[in-house]
Amino acid sequence: MYNVSVGNTGLKNSPNQHSSGSVVLGASILALALFTLFLSLNIGAVSGASDSSGYMNHARLLAAGHIHVQPRIIPGLPQSSAPPFLYVPLGFKPALDGNGMVPTYPAGLPLLIVLFEAIVGWNHAADIMMVFHSLAGLIVTYALGRMLGLSQIWALFGTAIVAASPLYLFMSLQAMSDVPSLFWTTAAVLAALKCRKSPPFALVAGCAMALDVLLRPTNIFALVPVCVALGVAPKRWILFMLGGIPGVIFFACHTIAAYGRLFTTGYGDNPDFATSYVPETLLHYAIWIPILFTPIAVLCLALPFNRTDEARTRWILGSWIASFAAFYAFYKCTHETWWYLRFLLPAIPAIVVGSLLVCRNVVSFVVRRFSLIPFKGGAVLALALVAINSFWWTQKLHALDIGRDELKYGTVAEWMTKNLPPSAVCLSAQMSGSIFYFTSFTLIRCESVRPDSVEAIDTAIRASKRPLYAILYPFEIMDWNVLGKVMPGNWHKVGSVDDVTIWKRDY
């Protein structure tokens with residue numbers, strides 16, 4: 001392998017190289033500090049929509065040593081007599097054994113939140129956890145590039161592509177498992193590569209792989225590149241398995257306690273996968289991956305033909321990309337919108353590094369073939385183009401709005417706490433997970449109210465002398481007609497927070 005770096009003199013340990021290295025190191029540290037500040041000013045990793053509230057509520061349960069939790073019910077209407085999900089907020093499902101309800105989402109991210117909560121408390125645990133993993137994701141992307149043969153400049157360029165991606169920014173600003181999955185997947189591969197020279201790193205690879213699967217069971221596909229990196233040495237495999245045992249034990253115990261049996265997840269046993277989704281998803285990949293990670297990303301398709309690099313490098317990166325991209329090509333959601341490419345984030349370091357390996361070799365060939373002098377401003381120009389691409393698409397996709405949108409859930413809950421009586425029954429869907437997290441109000445899921453259950457709900461509310469409020473997003477009013485069709489009655493508006501409105505029903 002060979003590297004092409006801007007302004008490479010070919011001299012070893014020259015004063016100019018030391019000076020240039022110091023400048024690059026200083027600039028990188030400054031860039032990470034500014035990136036940290038940027039994330040801190042825009043982040044909203046709180047209990048918000050379905051996913052984030054599910055993770056935050058799950059973390060609270062784990063911190064208290066529980067997996068099951070009892071719903072808050074209306075006196076006179078027990079859970080057993082109500083529609084199954086009437087009292088169940090987003091992020092939960094009724095327990096199979098009838099013992100209350102259990103979290104829907106995997107335990108990995110909640111465990112990380114609990115870890116950070118022990119250090120900084122609940123108010124900032126998820127924020128700091130997400131910022132940490134966003135920064136760590138960039139560091140392991142750089143490390144992967146360097147370990148697989150990219151020069152410092154090329155590896156930093158790849159790191160900048162990831163950092164500036166609208167998708168990476170979007171998923172870094174909320175409590176979601178995608179960016180942590182990127183970090184732990186890449187960390188597992190790096191440790192597996194490192195253990196070839198230092199076998200104890202196989203233990204690290206096993207631990208990272210176990211946590212990766214706890215974050216999202218489908219991250220098991222990271223095992224493919226990890227296996228290639230480990231090779232066939234029995235000692236490395238034994239250490240790798242030993243490193244993963246604690247995670248496997250926790251996964252088994254948690255799954256059985258929550259869902260009653262080992263081979264299932266909170267998502268259920270009938271996920272929405274079909275071959276009919278593949279053509280649309282492949283087209284979605286072709287359109288959005290170059291937008292979100294610059295057109296350079298398409299060069300990863302040439303990896304199998306990139307004979308300049310080692311076969312093992314090609315196999316690691318190729319199997320890594322193919323495993324995730326192929327699996328999610330069959331998933332019904334992947335093609336629906338740009339941010340559903342978050343499912344591919346665990347493979348993005350491989351896509352970026354693989355593309356740059358191809359790009360570097362193409363540039364090297366062109367330079368040698370035509371006896372060109374490398375353009376010393378090439379790195380600056382490339383970074384400028386990445387920045388322009390990022391700014392344009394980040395603004396166009398409103399990628400930075402997500403933090404503010406998530407924080408709104410807490411603001412609405414605060415308004416409710418100040419303005420609604422403690423006995424209030426709250427009708428909601430989108431807000432249900434955050435209402436359960438931030439408040440002590442009884443809630444009923446509006447999309448779970450059946451026509452034949454309205455009378456029973458009304459009777460229980462009247463008998464308990466509790467007021468009924470509805471906390472609704474615009475789509476719940478206009479598209480679902482919650483106030484007119486789902487729970488008809490005489491409603492009047494009592495408040496609003498941004499586009500969320502609060503209504504009271506007169507009895």
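**View 1. Strand β3, covered on both of its faces.** In strand β3 (residues 425–428), Val425 and Leu427 on one side and Cys426 and Ser428 on the other are all buried, so that both faces of the strand are covered; here buried means under 20% relative accessible area, exposed means over 50%, and partly exposed lies in between, with a 1.4 Å probe and protein chains only. The model is predicted, so local features need pLDDT of at least 70 and side-chain atom pairs count only at pLDDT 80 or more, while totals for chains, interfaces and linings use all residues. Residues are numbered from 1 along each chain as its sequence is written, and side-chain values use heavy atoms, with hydrogens and water left out. Helices (H or I, at least four residues) and strands (E, at least two) are DSSP runs, numbered from the N terminus.

**View 2. The partners of β3 in the sheet.** Strands of a sheet pair through backbone hydrogen bonds, either parallel or antiparallel, and two strands are said to pair here if DSSP finds at least two bridges between them. With strand β4 (residues 442–445), β3 pairs in the parallel sense over four bridges. The chain passes from β3 to β4 by way of helix α16 (residues 432–438), and this β-α-β crossover is right-handed, a term meaning that, with the strands pointing away from the viewer, the path from the first strand over the helix to the second runs clockwise. Within β4, Ile444 stands opposite Leu427, and Arg445 stands opposite Ser428. Strand β5 (residues 468–472) also pairs with β3 in the parallel sense, over three bridges; in β5, Ala470 stands opposite Leu427, and Leu468 is the bridge partner of Val425.

View 3. Five strands, in the order β4-β3-β5-β7-β6, form an open sheet whose pairing is mixed. Because β4 and β6 (490–497) stand at the edges, each with a single partner strand, one side of each is left without a neighbour in the sheet. From one strand to the next, the twist averages 25°. Helix α15 (residues 402–419) lies across β3, β5, β6 and β7 (500–506), and runs at about 120° to β6; axes are lines fitted to C-alpha atoms, for helices over the stretch in contact, and angles run from 0 to 180 degrees between N-to-C directions.

View 4. Thr442 itself counts as buried because its relative accessibility is 7%. Leaving out residues up to four places away in sequence, Thr442 touches Arg72, Ile73, Ile74, Ala424, Val425, Cys426 and Arg466, where contact means heavy atoms within 4.5 Å. The side chains of Thr442 and Arg466 are joined by a polar contact of 3.1 Å, that is, a pair of N or O atoms within 3.5 Å, of which, within protein, one must be able to donate a hydrogen and the other to accept it, and residues adjacent in sequence count only if both atoms are side-chain atoms.

**View 5. Helix α12 and the helices around it.** The 19 residues of helix α12 (residues 311–329) should span 27 Å at 1.5 Å a residue, and the end C-alpha atoms are 26 Å apart, which agrees; the expected span is 1.5 Å times one less than the number of residues. Among the buried residues of α12 are Ile316, Leu317, Trp320, Ile321 and Phe324. The buried residues of α12 pack against α4 (122–147), α7 (178–194), α9 (223–230), α11 (278–293) and α13 (348–369).

**View 6. Arg314 and Asn306.** Arg314 has its place in helix α12 and is buried, with a relative accessible area of 14%. Apart from neighbours within four places in sequence, Arg314 is in contact with residues including Asn306, Arg307 and Asp309. Asn306 lies in the loop between α11 and α12, is buried with a relative accessible area of 7%, and touches Leu357, Val358 and Asn361 as well as Arg314.

**View 7. Two loop residues with a positive phi.** Most residues other than glycine have a negative phi. His398, in the loop between α14 (378–396) and α15, has a positive phi of about 55° although it is not a glycine. Asp498, in the loop between β6 and β7, is not a glycine either and has a positive phi of about 55°; Asp498 is exposed, with a relative accessible area of 64%.
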